[in-house]
Amino acid sequence: MRWRLSLRGRLYLLLMMPLIAVAAGASFARYQAANRLSQELYDNTLLVVALTISRDVVISEGDMLTETLLDDLTTALGDPVYYRITGPGGSFVTGYSDPPDPPEGMAAESGAPMFYDSVSLGHAVRAVTLREFISEPQFGGWVTVEVWQTTTQRRALSRELVVQSIMLLGSVIVTAAIILWFGIQLGLKPLLDLREAIGQHSADDLRPIRRWIPPELRPLVRTLNSLFDRL
């Protein structure tokens, strides 16, 4: 036996399904936008950290960053920060000796930061490589600064933005569903009144139906009245 919906159910589904589809599309678009926003914010911060580390190392003439500065950077970003600085000719200056590998074929351009995703010690990381010309006797040339950090916090930020968006859209959908349900109930009231009016007719009562009827139902009422008249 075929499953058939009532008129009320069909109207409800026909109105709700487009809303749900639009909400799903908006949630996906919000997810993409949240990822882009999170990456942009953290990439800009990572670049500032790279510049800060570069200046600090140059001022300290190649010394390691202080633990206080590293702790402050980690606290600000929420993820551990790692770095390596190499001088002209690829000579190691300071930092960590095992930076993540950049994508194949990607090379840093002079003065332009290069962002990329990689893996370091089994953890997904986001890294930036920056080449700067340092006019300082100890370095005397192009210095490469590599900074990377794990991506736990940026993924958490993306998830938080998406969850907030889903909760907002969900509340809108629930509100719309309630309004539509009562709106359909109210909209179908003339049809229910017509059913009641027809039900009040007996076999001996063939008077025409005389009451206000919405324009959509008037052809049906005229047909019924015509039938009553013929009977």
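Leu121 lies in the loop between β3 and β4. The model is predicted. Leu121 has a positive phi of about 55°, although this residue is not a glycine. Most residues other than glycine have a negative phi. Is Leu121 buried or exposed? With 69% relative accessibility, Leu121 counts as exposed, because the cut-off for exposed is over 50%.

The loop that holds Leu121 is a hairpin turn. β3 and β4 form this hairpin with two residues between them. The two strands run antiparallel and are joined by seven bridges. Within the pair, Met114 stands opposite Thr129 in β4.

**The chain**

The chain has five helices and five strands. Along the sequence the pattern reads α-α-β-β-β-β-β-α-α-α. The chain counts 231 residues, and buried residues make up 33% of them. Contacts between residues at least 6 apart in sequence can be split by separation. Of these, 57% join residues at least 24 apart.

**The sheet**

What is the order of the strands in the sheet? The five strands form an open sheet in the order β2-β1-β5-β4-β3, and their pairing is antiparallel. The edges are taken by β2 (92-95) and β3 (114-120). Each of these has a single partner strand, so one side of each is left without a neighbour in the sheet. From one strand to the next, the twist averages 25°. Strands of a sheet pair through backbone hydrogen bonds.

The pairs can be set side by side, each with one facing pair of residues.

| Strand pair | Bridges | Facing residues |
|---|---|---|
| β1 and β2 | three bridges | Thr86 opposite Phe92 |
| β1 and β5 | six bridges | Tyr82 opposite Trp148 |
| β4 and β5 | ten bridges | Ile134 opposite Gly141 |
| β3 and β4 | seven bridges | Met114 opposite Thr129 |

Start with β1, which spans residues 81-86 and runs antiparallel to β5, residues 141-150. On its other pairing, β1 runs antiparallel to β2. Here Ile85 stands opposite Thr94 in β2. Thr86 also faces β2, where it stands opposite Phe92.

β1 and β2 form a hairpin too, with five residues between them. In this turn, Gly89 has a positive phi of about 80°. The β3-β4 hairpin has Leu121 in its turn, with a positive phi of about 55°.

β4 and β5 also run antiparallel. Ile134 of that pair stands opposite Gly141 in β5.

**The largest pocket**

How much space lies in the largest pocket? The volume is about 230 Å³. Its lining has 14 residues. Nearest the centre lie Asn35, Gln39, Arg154, Arg155 and Ser158. Four elements, α1 (7-59), β3, β4 (123-134) and α3 (152-187), each give two or more residues to the lining. Edge strand β3 therefore has a single partner in the sheet, and β3 also contributes to this pocket.

**Leu217**

One more loop is worth a look. Leu217 is found between α4 (189-199) and α5 (218-230). Why does Leu217 count as buried? Its relative accessibility is 16%, and buried means under 20%, so Leu217 falls in the buried class.

Which residues does Leu217 touch, leaving out those up to four places away in sequence? They are Pro190, Leu191 and Leu194. Leu191 is 26 residues from Leu217 along the chain, yet their C-alpha atoms are separated by 7.8 Å.

Leu121, in the loop between β3 and β4, counts as exposed. Leu217, in the loop between α4 and α5, counts as buried.

How values were computed. Residues numbered from 1 in each chain as written. Predicted model: local features only at pLDDT ≥ 70, side-chain atom pairs only at ≥ 80, totals over all residues. Heavy atoms only, no water. Pairing = 2+ DSSP bridges. Axes fitted to C-alpha atoms, helices over the stretch in contact; angles between N-to-C directions. 1 Å grid on protein atoms, 1.4 Å probe; cavity = no way out; pocket = protein on both sides within 12 Å on 5 of 7 lines; lining within 4 Å. Points joined across faces, edges and corners; volume = space filled by probe spheres on them. Buried < 20%, exposed > 50% of the residue type's maximum accessible area, 1.4 Å probe, protein only. Contact = heavy atoms within 4.5 Å.
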